Amino acid sequence: MQALWMVLAAFLFASMGVCVKFASAYFNSAEMVFYRGVIGMAVLWWLARSQQVALATRYPGMHAWRSLIGVLSIGAWFYAIAHLPLGTSMTLNYMSSVWVAAFIVGGALFAWRPSSRQPRPPLQVPLLLTVLTGFAGVVLMLRPSLGDSQGFAALIGLGSGLGAALAYMQVVALSRLGEPETRTVFYFAAGSAVAGAAAMAVTGMSSWPGWPALWLLPLGMLAALGQLCMTRAYSRALTPRGTLVVANLQYSGIVFAGIYGVLLFGDQLPLAAWAGMAIIVASGIAATVLRTRAAPDTPAEEH
């Protein structure tokens, strides 16, 4: 069942991307972040109440920092979805696992001092190869498939994966302090609402489009439901092997996004772009396996 919960979560996140794609014709990224946050707060408040989880926290600073990083990542991802093929933007966001692997390799080397008596940390060749392979997949995916006007959006999409990795590492820290995931995600939704409102004060609000504004409702609902399904999938995975299976099945979201892009938006990607996406998925799976072995009790990633 945990595998089915993760596949459902991936489907919901890809479906959320469809809503973002349609809503982006009427709303800017700041507005979509705001409405996602407001709707997510309502869903997670209800969930916390049903689980009898208190929303008061002893670590407001850590939640604020996590929310800030997460909001920047989500805003960048929404911008990429609006300007890139759906499968491409989804794949760039799922680069977060490769970014985490890069942080692990770089952090180990950065912390070591040649003058100290401690031996040089191992080079972690598998992780290093995973990182290099992931970025090779990015180059292969982007070069043949993007026009000149989409280069900036591709960089923003790549930045969304970097932000997601930084936010994930903060979630790990909060989890190790005993913070329930429901509380963490609630504060992220609250941060999204606050940051989205602040950004709207700068970017302005779009004219209310009428019925097309209904795309905002499933956008927020699908994001919250996807996170809940992902949480349930990890909670049902009681063995290290089960956790690995669940973690890797999140990449089915790229498949769903690719199908949506072809059927709903007429996205046409060359074979080399699909090959690059496959390489990124493979490197992401490898990075997840290596990361899980190093830290088996880490929480679910968020999208």
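Leu271 sits in helix 12. This is a predicted model. Is Leu271 buried or exposed? Its relative accessible area is 72%, and exposed means over 50%, so Leu271 counts as exposed.

Leu271 belongs to a nonpolar surface patch of about 720 Å². Which helix gives the largest share of the nonpolar patch? Helix 11 does, with five residues. Helix 11 spans 252-265 and helix 12 spans 271-294; each supplies at least two residues of the patch.

Now go inside. In soluble globular proteins, nonpolar side chains tend to be buried together. The largest nonpolar core here has 63 residues. Met16, Met32 and Phe78 have the most contacts inside it. Helix 1, residues 2-23, gives this core its largest share, ten residues. A second, separate core also exists.

| Nonpolar core | Size | Residues include |
|---|---|---|
| Largest | 63 residues | Met16, Met32, Phe78 |

What does Met32 touch, leaving out residues up to four places away in sequence? The list is Val20, Ala23, Ser24, Phe27, Phe78, Leu216 and Leu219.

Finally, the whole protein. It has twelve helices and zero strands. Of its 303 residues, 52% count as buried. The protein exposes about 14100 Å², and carbon and sulfur atoms supply 69% of that area. Take the contacts between residues at least 6 apart in sequence: 89% of them join residues at least 24 apart.

Methods. Residues numbered from 1 in each chain as written. Predicted model: local features only at pLDDT ≥ 70, side-chain atom pairs only at ≥ 80, totals over all residues. Heavy atoms only, no water. Patch = residues over 30% accessible without salt bridge, like charges linked within 9 Å, V, L, I, M, F, W, Y side chains within 5 Å. Areas by Shrake-Rupley, 256 points an atom, 1.4 Å probe, with all protein chains shown as cover. Salt bridge = Lys/Arg side-chain N within 4 Å of Asp/Glu carboxyl O. Helix = DSSP H or I, 4+ residues; strand = E, 2+ residues; numbered from the N terminus. Buried < 20%, exposed > 50% of the residue type's maximum accessible area, 1.4 Å probe, protein only. Core = buried A, V, L, I, M, F, W, Y, C linked by side-chain atoms within 4.5 Å. Contact = heavy atoms within 4.5 Å.
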